[in-house]
Structures are given as C-alpha cells and as structure tokens.
Amino acid sequence: MISKEIQSLVRPNIIDLKPYKSARHEFVRTKNSMLFLDANENPYGKFNRYPDPLQTRLKNIIAHIENVSPEQIFIGNGSGEIIQLICTAFCIPRQDSVLTMPPTFSLFQIIAQTHEIQNISVPLTKEFFQLDTTSILNQIADKNPKIIFITSPNNPTGNSFNIVDIKQILNYSKGLVVIDEAYIDFTEQPSFKHFLEDFSRLIVVRTLSKGKGLASARIGIGFANPEIITILNKVKPPFNVSTSNQETAISRLKNTDEINYEVTEIIKQRQWLMQELSNFDFVVKTYPSDANFILIKVIDSNKLYRKLISNGIVVRNISGYLHCENTLRITIGLKKENEFLIESLKAIENQ
C-alpha cells in the first residue's frame, strides 16, 4: 500500500500501472529446485536463463553491509538508469520540474531535457562551490520542483556539501530529494542513508563504479523507503541487471579488505598528487577533494589539455562548466600513473 504522501508525487498513470512480471518472480528463492519452462529460454548454455529480476542475493549482501533492509534497496543498470527511472515514475512531462545545482553531474539535465521536464538551475557559490541555500529554498517555495538533485561529494568539483544545508533542503522540500553519493567511499562525510527513516521522500543513489572498482559491471544502487522502491519496480525493465554482473558484484563485495585497501591507497595518492600539483607555476589553484579526482584551475586549460594529450595522458577539460573556467579534472590513478603525470607536467613546464 502506497501512502498518500508518496502517491501524490507519482505520475497518475503510474499509480495503477501493473508492472511486467515473469512467472519466475514468485519462484526466485526456490529456483534451484524448480523446472523452469515458462520463459522461452534456450535450454543450452551457461547464461541461457534470464537473471533474477529482483537481484535478491545482491540486495541481501548490500543490506548486510549497509545496515538497511533489502526492501529499501533498488538495483539499476548503473546509477544513470536509477536517475532516469525516478524521473519516469514521478515527473509529468511538460508539467513538472527538477532542481539542480551546477556545476554538477550533467546527466541530471540531460535526462530532464529528454523527458521534457523543466530544469531549475541554482548555481553553487562561485568561490567555494557550496550550496546557495537561500536561493534554493526560494526556488522551492516558488516553483515546488518534483525532484531536487544533490551530488555530494560533487562532480566535477570534488567537494562535499554542508550537511546542515542539505538537511534544511530535506525539511523544506515537498518533493523528492535525490542525493547522489557516487564518491562516498572517498570522504569522511557520513552517508545520508542514515536519514531514510527521518525523510520519507529521500532517495540516496550510489554506484559500484567508483570505490568498488566495477565501472564495467554497471551496477547502481538506490536506497529509499519501501514505497518508493515499489514504484521504481513498476517502471524498471524486467531483467535490467545481467546474471554475470550480479555475480561479479556479489564476488567483489565479499572482498571488503581488498576494497578498503584500494580506497585507502587512492586517498593517499590523492593527497600526494594535490601537493605535487600545487608546485607548478601554471596551476592557479588546487581545489579540496573528497572524491577520487582533483579539480585544478590553470592559466590556460585548453593549451595544457592538448599538451597532455600529446604526452599520451587524457584528463577531463571541464572549462565549459559554470564557474569552471580554465579547469581540468584529473582522476587519481595508480602510483606509477600519477608519477608519470607529474613527470609529464614537469617536462611541459620546462618547455
């Protein structure tokens, strides 16, 4: 049963939608003892069976690690699919709006435009890339956006937002608040999944691409109250995450010591790289980072970008983003890769 509060946010045509269900749904937990002749599968081959549509084993492992209920978890084919499904389920095209805070993850705006949803933009503060809370609350009061997207730590700036500011937005908004925590593994900031019981309209989005090192497996995770999960399950593709990707994720998540070691090494390399980058004359500013990348402001980003390309190094030139003139975003690589980057920059400086 969906509460009136959540039901008021869902697109009317989704409320009575009957989701696609294979005959397999009700037998997921007992599949090893059943003879399945229901889905027109080829009886031969290692991957001949459709994947578990509810990702039961994977959800149980994540629930144990994150100390949440499996009913509070949604698994997507990458976090991008989750963001898209949220818009599909809750936003009426040409009527509803979302609110974003640029510079931020550009996919929010792309998905909104694709769904013909108005994007209300409230830029971050120019100097420190923090939330302009007063302007955000004013826009909420004036426009009542259906969804507010917040990325913390933020991409492409790398910084975390003030928790008090985010909680103020959560308290004030009448719509959904989606907090993208793709880079949560690299920060000491606590996760907002701890506030799920306090805010029924909160959705926390994660990915296994960053801290867990599974970018090619395309596993996104959504944490929300079970009513929202029920709505998302209505609109998701029936078999949206492959068996091999589910198994890869399960295997990886069991190796917590290995994951923790890798994250620690990335953070160490981040600190070393930030110190090294600050020594170059053409680096105007090195921004603080809670992510697995560093944003730097340079004298001429286009020129430096081209020179790095000629040295076989690809970074991200994000000078076209708001407040990001002459900036480059550099992902933290292996120790030897980071050292090669610094040596290449030294050679460029001495040219």
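This is a predicted model: local features need pLDDT of at least 70, side-chain atom pairs count only at pLDDT 80 or more; totals for chains, interfaces and linings use all residues.
Me: What makes a stretch a helix or a strand here?
Reply: Both are DSSP runs numbered from the N terminus: helices are H or I with at least four residues, and strands are E with at least two. Residues 56-66 are helix 3 and residues 243-253 are helix 9.

Me: Why is helix 3 called roughly parallel to helix 9?
Reply: Their packing angle is about 25 degrees, with the axes 9 Å apart. Axes are lines fitted to C-alpha atoms, for helices over the stretch in contact, and angles run from 0 to 180 degrees between N-to-C directions. Angles under 35 degrees count as roughly parallel, over 145 as roughly antiparallel, 65 to 115 as roughly perpendicular and the rest as oblique. Helix 3 is therefore roughly parallel to helix 9.

Me: Which residues meet between helix 3 and helix 9?
Reply: Arg57, Leu58, Ile61, Ile62 and Ile65 of helix 3 meet Ala249, Ile250 and Leu253 of helix 9, where contact means heavy atoms within 4.5 Å. By class this contact has 7 nonpolar, no polar and 1 charged residues. Ala, Val, Leu, Ile, Met, Phe, Trp, Tyr, Cys and Pro count as nonpolar, Asp, Glu, Lys and Arg as charged, and the others, Gly among them, as polar.

Me: Why are helix 6 and helix 7 called roughly parallel to each other?
Reply: Helix 6 (residues 133-143) packs with helix 7 (residues 163-172) at about 10 degrees, their axes being 11 Å apart. That angle makes the two helices roughly parallel. Thr133, Ile136, Leu137, Ile140 and Ala141 in helix 6 meet Asp165, Gln168, Ile169 and Tyr172 in helix 7. Sorted by class, these are 6 nonpolar, 2 polar and 1 charged residues.

Me: How do you know that both faces of strand 1 are covered?
Reply: In strand 1 (residues 73-76), Ile73 and Ile75 on one side and Phe74 and Gly76 on the other are all buried. Buried means under 20% relative accessible area, exposed over 50%, and partly exposed in between (1.4 Å probe, protein chains only).

Me: What makes strand 5 mostly covered?
Reply: In strand 5 (residues 176-180), 5 of its 5 residues are buried. Leu176, Val178 and Asp180 point one way, and Val177 and Ile179 the other way. In a regular strand the side chains alternate between the two faces of the sheet.

Me: What makes strand 1 and strand 7 a pair?
Reply: Two strands pair if DSSP finds at least two bridges between them. Strand 1 and strand 7 (residues 220-223) have 4 bridges in the antiparallel sense, and Phe74 stands opposite Gly222. Strand 4 (residues 147-151) and strand 5 are joined by 5 bridges and run parallel.

Me: Why are strand 1 and strand 3 called edge strands?
Reply: The open sheet of 7 strands has the order 1-7-6-5-4-2-3, with mixed pairing. Strand 1 and strand 3 (118-121) are its edges, and each pairs on one side only.

Conventions. Residues are numbered from 1 along each chain as its sequence is written. Side-chain values use heavy atoms; hydrogens and water are left out.
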